[in-house]
Amino acid sequence: MITCRYRFKEIGWTAFRNEYDAVVCESKSLMAFNFASPDLDVRYFMGSIREDEITDDVRGLVSRIAENENDESLISDELYVRDGKTFRFEDKTGYYISIKIMEEDTSIYYRVYLNKTGWTKLSSDGEVCGEMSDEENYITGIQVFSIKKSILSEETLEEAAKKCDERAELFSSLLSKAFLYSDCGFRYAEKAAINSRIEGNLEVKELSDGIILPLREMAIESRDAIFEGGVTDKDFNFVAGLKRKFDKQTNMTVLSSYKVPSSEVEKIDEDVIFGGVIFPTKRRFGHMLIETMSRLWYVVEGHSPELKIAFVILPESKEFSDTFFRLLGIDMSRILVIEKPTQFRKVIIPDQAFILFSNYHEKFNLIYDKMMSAVEAKDSKKLYLTRRSFVRYDGANDGINEEYFEDFFSKRGYDIISPEQHSVEEQIAYMKGAEEVVCSEGTLSHLALFSRPGTKVTVLRRSLNSYLLPQYMIDEMRHLNVYYVDAHFNILPDSHVDSVFLFGPSVCFIDYLKSQKIEYTEDEVQMDRNLIFDYIEKYTENFSDTDRFESIAKYDIFDLIQTLNRVLNGRYLSRFDYETKTHTLNMENTELTRRVEKLEDKLAKSEKERKEIINSKSWKITKPLRDITNRKQGKK
């Protein structure tokens, strides 16, 4: 299984993509790529055909390949870069690539997108793919997948080619709906165009004598906390908890266990279903809505209806709502919250159908379809969901000027709804009945889980520097018609959480109105820039809290200047044009690292050859002759 990411000129690194996922950045050239394939030894090479960009290593290679395109031996193995390494073609333009897998039982296939002629044909196992003659026809996209040679056939290749086309079409479709700043839009929009669907079936494990441990906080630094606990075997080896970034230990994950004396373990002679982690509804409504539900597809399918469902709960609060369970037809008598180590006769563990920052399975739709079936749809066809009246658990209300959008959309027939002022059933009923929904990005947009396929959802992005990956997964999973619009005037570095957001009619919002043929007057899209002072005042107050400052600490002075230009002038500044000293040193360090790696490779090969010669029969036979020669030359 191959995952990879790509770096485009002026744009930077994309998100990591899975096999078959297409990435196209028209007019921006591919400069580097990085594979993360622990199970495969992938190697690759990228080159240029421009005289001012070509390196000594590949000089003359282009003409030879042009004369004999089928000659795979023309590229030396020494030019390929190993798996796990990042290969940069300096800051030059890529025109062709060649990729190979060293395992004998696996083939790799790949194609590139050329800015003038589109997708090339699929190439395989070290073939050259790209443009060998036209200096203006450079690579602006890529797609790759692998196939076991044992199942390789014309039929499987045809199926793979079809999947490639489908993924490319999906990517283009999603990308076209992200109306962001024109000069930097791809970097943000491509994250919304990732195919996150889990292929294959979800698994259900059965663990005899399984133990369920209450959660307890670990001594690992994170935003909220990282926990240990969940399901273990009888020897306290970890089995299941809560994944987010696949198996990476990150904020609020549960990926490890702990031991307790056997005398502290309560034993119950019955089977249970492990339901996962309960999040407090008031403080973490969105996570209760998604993550607490992630294993309940198994219950909704009707499996083991006689069994109790055992959960662990976040230590921060034991408060949670029974509404979600009730809407799923689960009687609360079946819900068991584990408060002390408990061993059961058997623990049934359904896979997570939604991993927050990673992927989802189609069966997760069963959860929300079931909830929707329990309520009757409202008559409102056009909704604007506002967070203006919402106050966070810590007392913060971080939005400024959202009344602008309330007024704008109200005049166009949208009903203005504050979801937190309605019951969960009413929220679902509103979303179920709506044909068009506009809201800011966050928990509000997660309510699209209760929208019908094809619903038009316009998400107003309130932060320039955050990517809400779970929302992109929801969009894809629920088959929604979604548009993302930068609709803020945040002139200072921000984040999705712990920040202040100044809403308003940005350049992107105006572009969105034009593209959707929504009529407006010039007076309606003028921003009251006096509000910027209110924004700065609230921003200063917000980040006087050092805990919140951590969320923006990574930004430097260039980010500030860049943000000011984007918001106030509609101009995108690239780091390639305004390089900081730190960035320059990082680039130099990367190049030196590459050179050291090449020298280490050569040294390793030389050492291997030396040992082979020393251990060879010829070397041992000729030893007396060498001794005589060395004595004559005065050598010891």
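Is phenylalanine 503 buried or exposed? I looked that up first: at 1% relative accessibility, phenylalanine 503 counts as buried (under 20% relative accessible area is buried, over 50% exposed and in between partly exposed, with a 1.4 Å probe and protein chains only).

Notes on the source. This is a predicted model, where local features need pLDDT of at least 70 and side-chain atom pairs count only at pLDDT 80 or more, while totals for chains, interfaces and linings use all residues. Residues are numbered from 1 along each chain as its sequence is written, and side-chain values use heavy atoms, with hydrogens and water left out.

Next, ring pairs. I got 30 aromatic pairs for the structure (Phe, Tyr and Trp rings, the six-membered one for Trp, with centres within 6.5 Å; planes under 30 degrees apart are stacked, over 60 edge-to-face, the rest tilted). Phenylalanine 33 and phenylalanine 35 have ring centres 6.1 Å apart and planes at 55 degrees, so I logged them as tilted. Both of these phenylalanines are buried.

Then I went back to phenylalanine 503. Its ring centre is 6.3 Å from that of phenylalanine 405 and the planes are at 90 degrees, so this pair is edge-to-face. Phenylalanine 405 is in helix H8 (residues 403–410) and phenylalanine 503 in the loop between strand E30 (501–502) and helix H12 (507–515), so the pair ties together parts 98 residues apart in sequence (helices, H or I, of at least four residues and strands, E, of at least two are DSSP runs numbered from the N terminus). Phenylalanine 405 comes out at 0% relative accessibility, so I put it down as buried.
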